[in-house]
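Please examine the sequence and the structure shown below. Questions and answers on them follow.

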Amino acid sequence: MKKSAAETKMKRAEEKLEKQKAAYVEKMKNEIATIHKKAEEKKAMVEAKRGEDFLKAEELSAKYNATGNAPKKFLLCFGG
């Protein structure tokens with residue numbers, strides 16, 4: 001009888017550990033998914049900002065090409 005009770009107790013403990021393990025694995029998967037989502041959002045923001053900066057640079061370039069004037073800040077770099 002003692003052997004059967006011990007086996008039952010051990011089996012319950014194993015089942016409990018398996019449930020805890022499954023819950024932990026699920027929690028870690030969710031954490032990883034959250035981290036990936038945040039990384040993708042940041043990447044998208046950086047790419048959008050880079051696109052905006054590129055457009056701004058193109059607009060300034062077109063402006064200076066149209067007027068024939070160089071930006072004063074640019075000339076200061078060359079001791080102008």
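**The salt bridge and its helix**

D53 is partly exposed, with a relative accessible area of 38%; partly exposed lies between buried, under 20% relative accessible area, and exposed, over 50% (1.4 Å probe, protein chains only). This is a predicted model, in which local features need pLDDT of at least 70, side-chain atom pairs count only at pLDDT 80 or more, and totals for chains, interfaces and linings use all residues. Residues are numbered from 1 along each chain as its sequence is written, and side-chain values use heavy atoms, with hydrogens and water left out.

Q: With which residue does D53 form a salt bridge?
A: A salt bridge is a side-chain nitrogen of Lys or Arg within 4 Å of a carboxyl oxygen of Asp or Glu. For D53, the closest N and O atoms of the pair are 3.4 Å apart. The partner is K49.

Q: Where do D53 and K49 both lie?
A: Helices are DSSP runs (H or I, at least four residues), numbered from the N terminus. The two residues, D53 and K49, are 4 residues apart, about one turn of the helix. An α-helix has 3.6 residues a turn, so residues three or four places apart point the same way. Both D53 and K49 lie in helix 1 (residues 2-67).

Q: What is the relative accessible area of K49?
A: K49 counts as partly exposed. Its relative accessible area is 49%.

Q: Which residue follows helix 1?
A: The residue after helix 1 has a positive phi, near 80°. That residue is G68.
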